[in-house]
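Me: I would like to go through this model with you. Could we begin with its salt bridges?

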Amino acid sequence: MAAERPIYLDHNATTPCDERVVEAMRPFWSEAFGNAASRTHAYGWRAGEAVEDARARVARGIAADPREIVFTSGATESNNLAIQGVLRAAGAGGHLVTCATEHNAVLDPCRALERSGVAVTRLAVDREGRLRPEALHKALRPDTRLVSLMHANNEIGTVHDLAELAAVARAAAVPFHTDAAQSVGKIPVDVGELGVDLLSLTGHKLYGPKGIGALYVRRGPPRLRLEPLLFGGGHERGLRSGTLPVPLCVGLGAAVELAVRERDAEARRQRELRERLWKRVSAALDGVWLNGHPEARLPGNLSLSFAGIEGEALVLALDDVAVSTGSACTSARQEVSHVLRALGLPEARAQGSLRFGLGRSTTAEQIDRAADRVVEQVRRLRALSPRGKRG
């Protein structure tokens, strides 16, 4: 008899590809296999039509114009194209503003630009992970060329008041980029209402395939100058050269459309399950803290810290529940989360953290089982640890 699969509660790291998305992609692997850039025959025409249909679906999901959507390999490439593209187009030097709690897909490009002479300001957040607009206003300089602030945090789930922050940048005529990999399809995202100039998204965070994403690039006026990172064919209006992966583009379009269509009902369901998990764990254990904003957070995200334990030890003990200590990128490096550090948490509390990411397949029965297992293992680890509940 096969072993029962672990309960999957790491949807902030990645999501399974929805069967409806898989079905939408199916014809474009071997039947309609044309190159979308081939304009001289029916195979290319069908592929091109499929790509443009997918582009329109992605655009509708964020209330954009299809001409403002550039396909990429994912949010990491989109972030790099936005951040490096704007700074390179503006010439040497300049100033860039970001936040201490950004994903490494933003922080690392900023570090790379810093090494080349760009000044970078990393803004601090409050204890709940939110950034105050006045802090952004004070950080802006005459030579500020871009502000890059994420919409929703991948570790603690906190959602920034992006419209208010973008308005500060717009008043200073500074372009505004947001990494929306965690928010598209989970909470409302309207580029016009948010007031952003550039927005990154990715397929595998919203039940689409891995290896595909998009960058929204606002059309003027005023014109937004962006230097491409890849050259070799002039695809995607010269902003991202390379043969388009037609099946993946189709999958992204289908995934965005499905996620937006089901978003509100799914958000309500996941929010109820998240509160069920939080109440069940916090009622059974002392020394448990919620990380991030209690209300302005992603519906399916729950970040908790447990006194007296190591988060890594708890993850290993929960062999029948798939969870993480934070970002998959940070976990791979086995270091304390820079996001939790930025909140000002004590070292022990940051080390004793766990991130739960709920998704479409999560059930109430799974939540109860997972909560019981967490309580059981926290008690066991505390009994073994000399730190006990002191944390």
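Predicted model: local features only at pLDDT ≥ 70, side-chain atom pairs only at ≥ 80, totals over all residues.

Me: Is E4 buried or exposed?
Reply: E4 is exposed, with a relative accessible area of 63%. R369 is partly exposed, at 29%.

Me: Which residue forms a salt bridge with D319?
Reply: R373 does, with the closest N and O atoms 3.5 Å apart. D319 lies in the loop between helix 10 and strand 11, while R373 is in helix 14, 54 residues apart. D319 is exposed at 59% relative accessible area, whereas R373 counts as buried at 17%, because the cut-off for buried is under 20%.

Me: And how does E365 relate to R369?
Reply: E365 and R369 form a salt bridge, their closest N and O atoms being 3.4 Å apart. Both are in helix 14, and they are 4 residues apart, so about one helical turn separates them.

Me: Let us change topic to strand 7. Why is strand 7 largely enclosed?
Reply: Strand 7 (residues 198-202) is largely enclosed by the rest of the structure because 5 of its 5 residues are buried. L198, S200 and T202 point one way, and L199 and L201 the other.

Me: Which strands pair with strand 7?
Reply: Strand 6 pairs with strand 7 in the parallel sense over 3 bridges, with T178 opposite L199. Strand 8 runs antiparallel to strand 7, joined by 5 bridges, and L215 in strand 8 is the bridge partner of S200.

Notes:
Residues numbered from 1 in each chain as written. Heavy atoms only, no water. Buried < 20%, exposed > 50% of the residue type's maximum accessible area, 1.4 Å probe, protein only. Helix = DSSP H or I, 4+ residues; strand = E, 2+ residues; numbered from the N terminus. Pairing = 2+ DSSP bridges. Salt bridge = Lys/Arg side-chain N within 4 Å of Asp/Glu carboxyl O.
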